[in-house]
Amino acid sequence: MIDLFSDSGLARLEALSRTESLYAFDFDGTLAEIVRERDRAQVTPQVRRALHELGRLAPTAVVSGRALEDLEPRIEGAVSYLIGNHGLEGTQEEAEVRNQAQAVSRSWREQLGGSAGAKLHDEGITLEDKTYSLTLHYRGTRNSTRAKRKAKEALSRLTPAPRIILGKAVVNAVPAGSPHKGAAIRSLMRRLNVTTALYVGDDVTDEDVFALPDARIVTVRIGRKRGSRAQFYLTDQGQVARLLDYLVKLLSMRPPPHTIGEPPGIMTAGRPAAR
Ligand SMILES: O=P(O)(O)OC[C@H]1O[C@H](O[C@H]2O[C@H](CO)[C@@H](O)[C@H](O)[C@H]2O)[C@H](O)[C@@H](O)[C@@H]1O
(Lines give C-alpha, C1' and ligand atoms only; values in the text may rest on other atoms or scores of the structure.)
Protein backbone atom coordinates (compact mmCIF):
# COMPACT_ATOMS: atom_id res chain seq x y z
CA MET A 1 0.00 0.00 0.00
CA ILE A 2 1.19 3.50 -0.80
CA ASP A 3 0.63 6.66 1.23
CA LEU A 4 -2.02 8.66 -0.66
CA PHE A 5 -0.26 11.89 0.26
CA SER A 6 3.00 10.70 -1.31
CA ASP A 7 4.03 12.09 -4.69
CA SER A 8 2.66 9.06 -6.52
CA GLY A 9 -0.60 9.19 -4.59
CA LEU A 10 -1.10 12.88 -5.31
CA ALA A 11 -0.25 12.29 -8.97
CA ARG A 12 -2.97 9.62 -9.07
CA LEU A 13 -5.54 12.04 -7.62
CA GLU A 14 -4.47 14.67 -10.11
CA ALA A 15 -4.91 12.23 -13.00
CA LEU A 16 -8.34 11.32 -11.63
CA SER A 17 -9.37 14.95 -11.52
CA ARG A 18 -8.74 15.22 -15.28
CA THR A 19 -11.36 12.52 -15.96
CA GLU A 20 -15.10 12.22 -15.42
CA SER A 21 -14.87 10.55 -12.03
CA LEU A 22 -17.09 9.42 -9.18
CA TYR A 23 -15.88 10.20 -5.63
CA ALA A 24 -17.24 7.64 -3.15
CA PHE A 25 -16.75 7.29 0.60
CA ASP A 26 -17.68 4.80 3.24
CA PHE A 27 -19.37 6.31 6.33
CA ASP A 28 -18.36 4.76 9.69
CA GLY A 29 -14.61 4.92 10.25
CA THR A 30 -14.12 7.01 7.09
CA LEU A 31 -16.33 10.11 7.01
CA ALA A 32 -17.29 9.65 10.67
CA GLU A 33 -15.10 8.64 13.56
CA ILE A 34 -15.88 5.25 15.14
CA VAL A 35 -17.77 5.76 18.41
CA ARG A 36 -19.08 3.35 21.00
CA GLU A 37 -22.77 4.16 20.50
CA ARG A 38 -23.66 3.77 16.83
CA ASP A 39 -26.48 6.31 17.02
CA ARG A 40 -23.94 8.99 17.91
CA ALA A 41 -21.77 8.59 14.79
CA GLN A 42 -21.59 11.85 12.86
CA VAL A 43 -19.44 13.84 10.48
CA THR A 44 -17.67 16.97 11.71
CA PRO A 45 -18.82 20.35 10.34
CA GLN A 46 -15.52 20.55 8.40
CA VAL A 47 -16.12 17.19 6.71
CA ARG A 48 -19.77 18.05 5.97
CA ARG A 49 -18.75 21.37 4.40
CA ALA A 50 -16.01 19.82 2.26
CA LEU A 51 -18.26 16.94 1.20
CA HIS A 52 -20.92 19.40 0.16
CA GLU A 53 -18.36 21.41 -1.85
CA LEU A 54 -17.07 18.26 -3.51
CA GLY A 55 -20.64 17.22 -4.34
CA ARG A 56 -21.05 20.49 -6.25
CA LEU A 57 -17.93 19.83 -8.31
CA ALA A 58 -18.30 16.13 -9.14
CA PRO A 59 -20.61 13.15 -8.65
CA THR A 60 -20.10 12.13 -5.03
CA ALA A 61 -21.49 9.15 -3.10
CA VAL A 62 -21.59 7.67 0.38
CA VAL A 63 -21.60 3.87 0.38
CA SER A 64 -22.38 2.40 3.77
CA GLY A 65 -23.24 -0.78 5.63
CA ARG A 66 -25.93 1.21 7.44
CA ALA A 67 -29.56 1.22 6.36
CA LEU A 68 -30.39 4.19 4.10
CA GLU A 69 -32.94 5.63 6.51
CA ASP A 70 -30.23 5.72 9.19
CA LEU A 71 -27.60 7.14 6.82
CA GLU A 72 -29.66 9.91 5.21
CA PRO A 73 -30.03 12.22 8.24
CA ARG A 74 -26.30 11.86 8.98
CA ILE A 75 -25.35 13.14 5.50
CA GLU A 76 -27.92 15.95 5.40
CA GLY A 77 -28.04 16.14 1.61
CA ALA A 78 -24.30 16.84 1.27
CA VAL A 79 -23.99 14.31 -1.57
CA SER A 80 -26.37 13.22 -4.32
CA TYR A 81 -25.90 9.46 -4.13
CA LEU A 82 -26.39 7.27 -1.08
CA ILE A 83 -25.98 3.51 -1.03
CA GLY A 84 -26.89 1.54 2.09
CA ASN A 85 -26.93 -1.99 3.50
CA HIS A 86 -23.51 -2.92 2.08
CA GLY A 87 -24.70 -2.25 -1.51
CA LEU A 88 -28.28 -3.54 -1.31
CA GLU A 89 -30.06 -0.19 -1.03
CA GLY A 90 -29.89 2.90 -3.22
CA THR A 91 -28.84 1.21 -6.44
CA GLN A 92 -31.06 0.44 -9.37
CA GLU A 93 -31.18 -3.22 -8.44
CA GLU A 94 -34.40 -5.08 -9.11
CA ALA A 95 -36.96 -4.56 -6.33
CA GLU A 96 -37.21 -8.35 -6.29
CA VAL A 97 -33.64 -8.64 -4.94
CA ARG A 98 -34.48 -6.33 -2.06
CA ASN A 99 -37.82 -8.04 -1.37
CA GLN A 100 -36.06 -11.37 -1.05
CA ALA A 101 -33.38 -9.86 1.20
CA GLN A 102 -36.10 -8.36 3.38
CA ALA A 103 -37.91 -11.70 3.74
CA VAL A 104 -34.65 -13.52 4.56
CA SER A 105 -33.66 -10.87 7.08
CA ARG A 106 -37.06 -11.01 8.76
CA SER A 107 -36.75 -14.78 9.11
CA TRP A 108 -33.25 -14.42 10.61
CA ARG A 109 -34.60 -11.87 13.06
CA GLU A 110 -37.21 -14.42 14.20
CA GLN A 111 -34.54 -17.11 14.50
CA LEU A 112 -32.50 -14.77 16.70
CA GLY A 113 -35.44 -14.23 19.06
CA GLY A 114 -36.34 -16.47 22.01
CA SER A 115 -33.54 -18.35 23.73
CA ALA A 116 -30.95 -17.49 21.03
CA GLY A 117 -31.68 -13.80 21.58
CA ALA A 118 -31.54 -14.17 25.36
CA LYS A 119 -28.06 -15.74 25.10
CA LEU A 120 -26.79 -12.90 22.93
CA HIS A 121 -28.27 -10.38 25.34
CA ASP A 122 -26.51 -12.09 28.27
CA GLU A 123 -23.21 -11.67 26.41
CA GLY A 124 -23.89 -7.94 26.00
CA ILE A 125 -24.36 -8.34 22.23
CA THR A 126 -26.94 -6.08 20.58
CA LEU A 127 -28.81 -6.60 17.33
CA GLU A 128 -29.13 -3.87 14.69
CA ASP A 129 -31.99 -4.72 12.34
CA LYS A 130 -31.33 -2.98 9.01
CA THR A 131 -34.38 -4.47 7.23
CA TYR A 132 -32.29 -6.10 4.47
CA SER A 133 -29.42 -7.33 6.65
CA LEU A 134 -28.58 -7.72 10.33
CA THR A 135 -25.60 -6.67 12.42
CA LEU A 136 -24.57 -8.00 15.82
CA HIS A 137 -22.56 -5.47 17.83
CA TYR A 138 -20.14 -6.49 20.57
CA ARG A 139 -18.32 -3.18 21.20
CA GLY A 140 -18.04 -2.57 24.93
CA THR A 141 -18.75 -6.17 25.96
CA ARG A 142 -16.73 -7.48 28.92
CA ASN A 143 -15.01 -10.20 26.91
CA SER A 144 -14.94 -9.11 23.27
CA THR A 145 -13.13 -12.24 22.00
CA ARG A 146 -15.81 -14.45 23.47
CA ALA A 147 -18.62 -12.13 22.35
CA LYS A 148 -17.29 -12.11 18.79
CA ARG A 149 -17.20 -15.92 18.78
CA LYS A 150 -20.75 -16.14 20.17
CA ALA A 151 -22.01 -13.65 17.57
CA LYS A 152 -20.38 -15.60 14.74
CA GLU A 153 -21.79 -18.88 16.06
CA ALA A 154 -25.30 -17.43 16.30
CA LEU A 155 -25.18 -16.14 12.73
CA SER A 156 -23.68 -19.34 11.35
CA ARG A 157 -26.73 -21.27 12.65
CA LEU A 158 -29.16 -19.16 10.60
CA THR A 159 -31.02 -20.55 7.61
CA PRO A 160 -30.68 -19.76 4.81
CA ALA A 161 -26.97 -19.37 5.51
CA PRO A 162 -25.94 -15.70 5.38
CA ARG A 163 -22.80 -14.19 3.99
CA ILE A 164 -21.01 -13.30 7.22
CA ILE A 165 -18.91 -10.14 7.07
CA LEU A 166 -16.74 -9.24 10.04
CA GLY A 167 -16.19 -5.61 10.96
CA LYS A 168 -15.12 -3.27 13.73
CA ALA A 169 -16.70 -4.93 16.80
CA VAL A 170 -19.52 -6.19 14.58
CA VAL A 171 -20.51 -9.34 12.74
CA ASN A 172 -22.85 -8.73 9.80
CA ALA A 173 -25.29 -11.19 8.24
CA VAL A 174 -26.07 -10.30 4.63
CA PRO A 175 -28.23 -12.42 2.30
CA ALA A 176 -25.87 -14.63 0.30
CA GLY A 177 -25.41 -13.58 -3.31
CA SER A 178 -26.82 -10.07 -2.82
CA PRO A 179 -25.01 -7.12 -4.40
CA HIS A 180 -22.08 -5.86 -2.33
CA LYS A 181 -20.34 -2.49 -2.19
CA GLY A 182 -18.14 -3.37 -5.18
CA ALA A 183 -21.13 -4.24 -7.34
CA ALA A 184 -22.89 -1.06 -6.17
CA ILE A 185 -19.95 1.16 -7.12
CA ARG A 186 -19.75 -0.36 -10.57
CA SER A 187 -23.49 -0.02 -11.05
CA LEU A 188 -23.32 3.66 -10.02
CA MET A 189 -20.39 4.26 -12.39
CA ARG A 190 -22.44 2.85 -15.28
CA ARG A 191 -25.48 4.90 -14.30
CA LEU A 192 -23.45 8.12 -14.12
CA ASN A 193 -21.44 7.26 -17.21
CA VAL A 194 -18.15 8.07 -15.48
CA THR A 195 -14.87 6.52 -16.55
CA THR A 196 -13.06 6.45 -13.18
CA ALA A 197 -13.76 6.46 -9.44
CA LEU A 198 -12.11 7.10 -6.09
CA TYR A 199 -13.26 4.91 -3.21
CA VAL A 200 -12.23 5.44 0.41
CA GLY A 201 -13.11 2.94 3.14
CA ASP A 202 -11.80 1.43 6.35
CA ASP A 203 -13.31 -1.97 7.04
CA VAL A 204 -13.81 -5.54 5.84
CA THR A 205 -16.99 -4.65 3.92
CA ASP A 206 -14.94 -2.14 1.89
CA GLU A 207 -12.65 -4.91 0.67
CA ASP A 208 -15.48 -5.77 -1.75
CA VAL A 209 -14.49 -2.58 -3.57
CA PHE A 210 -10.75 -2.79 -2.91
CA ALA A 211 -10.61 -6.31 -4.39
CA LEU A 212 -12.39 -5.45 -7.65
CA PRO A 213 -10.20 -6.25 -10.63
CA ASP A 214 -10.92 -2.80 -12.04
CA ALA A 215 -8.04 -0.43 -12.80
CA ARG A 216 -10.49 2.47 -13.23
CA ILE A 217 -11.07 2.62 -9.47
CA VAL A 218 -8.48 4.21 -7.16
CA THR A 219 -8.89 2.56 -3.76
CA VAL A 220 -7.85 4.05 -0.43
CA ARG A 221 -7.96 2.47 3.03
CA ILE A 222 -8.05 4.36 6.30
CA GLY A 223 -5.05 2.85 8.09
CA ARG A 224 -2.33 0.80 6.48
CA LYS A 225 -3.09 -2.91 6.79
CA ARG A 226 -1.29 -5.98 5.59
CA GLY A 227 -3.58 -8.11 3.44
CA SER A 228 -5.88 -5.27 2.41
CA ARG A 229 -6.43 -5.05 -1.33
CA ALA A 230 -6.56 -1.23 -1.30
CA GLN A 231 -3.88 0.50 -3.40
CA PHE A 232 -3.38 3.52 -1.14
CA TYR A 233 -3.81 4.38 2.53
CA LEU A 234 -4.42 7.37 4.75
CA THR A 235 -2.80 7.13 8.16
CA ASP A 236 -6.04 7.71 10.11
CA GLN A 237 -9.63 8.93 9.89
CA GLY A 238 -8.50 12.47 10.74
CA GLN A 239 -6.84 12.62 7.29
CA VAL A 240 -10.20 12.41 5.51
CA ALA A 241 -10.93 16.12 6.05
CA ARG A 242 -7.54 16.91 4.51
CA LEU A 243 -8.29 14.65 1.54
CA LEU A 244 -11.70 16.25 0.96
CA ASP A 245 -10.20 19.74 1.10
CA TYR A 246 -7.48 18.67 -1.31
CA LEU A 247 -10.00 17.20 -3.76
CA VAL A 248 -12.09 20.37 -3.63
CA LYS A 249 -9.02 22.48 -4.44
CA LEU A 250 -7.95 20.11 -7.22
CA LEU A 251 -11.37 20.01 -8.84
CA SER A 252 -11.83 23.76 -8.50
CA MET A 253 -8.69 24.22 -10.62
CA ARG A 254 -10.11 22.15 -13.47
CA PRO A 255 -10.57 23.76 -16.85
CA PRO A 256 -14.14 24.12 -18.14
CA PRO A 257 -15.87 20.77 -18.86
CA HIS A 258 -15.35 20.76 -22.64
CA THR A 259 -11.57 20.50 -22.16
CA ILE A 260 -11.70 17.61 -19.63
CA GLY A 261 -10.07 14.54 -21.07
CA GLU A 262 -7.73 16.49 -23.33
CA PRO A 263 -4.00 15.98 -22.82
CA PRO A 264 -2.66 17.28 -19.48
CA GLY A 265 -0.36 19.65 -21.38
CA ILE A 266 -3.19 22.04 -22.05
CA MET A 267 -4.24 22.29 -18.42
CA THR A 268 -3.76 25.69 -16.88
CA ALA A 269 -2.72 24.73 -13.38
CA GLY A 270 -0.86 21.98 -11.59
CA ARG A 271 -1.38 20.47 -8.17
CA PRO A 272 -2.55 22.37 -5.10
CA ALA A 273 -0.45 22.22 -1.95
CA ALA A 274 -1.35 19.10 0.06
CA ARG A 275 -0.50 20.85 3.36
O1 LIG B 1 -19.94 0.66 5.79
P2 LIG B 1 -19.91 1.60 6.96
O3 LIG B 1 -20.55 2.92 6.66
O4 LIG B 1 -18.53 1.76 7.53
O5 LIG B 1 -20.80 0.90 8.08
C6 LIG B 1 -20.25 -0.23 8.79
C7 LIG B 1 -21.03 -0.43 10.06
O8 LIG B 1 -21.03 0.84 10.74
C9 LIG B 1 -21.70 0.92 11.98
O10 LIG B 1 -20.96 0.22 12.95
C11 LIG B 1 -19.65 0.74 13.14
O12 LIG B 1 -19.75 2.08 13.63
C13 LIG B 1 -20.30 2.22 14.95
C14 LIG B 1 -20.32 3.71 15.27
O15 LIG B 1 -19.03 4.25 15.18
C16 LIG B 1 -19.48 1.41 15.96
O17 LIG B 1 -20.05 1.50 17.26
C18 LIG B 1 -19.42 -0.05 15.50
O19 LIG B 1 -18.59 -0.79 16.39
C20 LIG B 1 -18.83 -0.10 14.09
O21 LIG B 1 -18.76 -1.43 13.60
C22 LIG B 1 -23.13 0.44 11.82
O23 LIG B 1 -23.76 0.37 13.09
C24 LIG B 1 -23.24 -0.88 11.07
O25 LIG B 1 -24.60 -1.14 10.76
C26 LIG B 1 -22.48 -0.80 9.76
O27 LIG B 1 -22.54 -2.05 9.09
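**Entry 1: two helices.** I began with helix H1 (residues 7-17) and helix H9 (residues 239-252), which pack with their axes 10 Å apart and at an angle of about 45°. Helices here are DSSP runs of H or I with at least four residues, strands are runs of E with at least two, and both are numbered from the N terminus. Axes are lines fitted to C-alpha atoms, for helices over the stretch in contact, and angles run from 0 to 180 degrees between N-to-C directions. H1 and H9 are therefore oblique to each other, a word kept for angles that are not under 35 degrees (roughly parallel), over 145 (roughly antiparallel) or 65 to 115 (roughly perpendicular).

**Entry 2: ground rules.** I noted that this is a predicted model, in which local features need pLDDT of at least 70 and side-chain atom pairs count only at pLDDT 80 or more, while totals for chains, interfaces and linings use all residues. Residues are numbered from 1 along each chain as its sequence is written.

**Entry 3: the sheet.** I followed an open sheet of seven strands in the order S1-S11-S10-S9-S2-S3-S4, with parallel pairing, where two strands pair if DSSP finds at least two bridges between them. Strand S1 (2-3) and strand S4 (81-83) stand at the edges with a single partner strand each, so one side of each has no neighbour in the sheet. I then looked at strand S2 (residues 21-25) and strand S9 (residues 196-201), which pair in the parallel sense over five bridges, and found Ser21 opposite Thr196 in S9.

**Entry 4: the ligand.** Domain 1 (2-92 + 179-266) and domain 2 (95-174) both give residues to the shell around the ligand, so the ligand lies between them; the domain bounds come from an automatic or database domain assignment.
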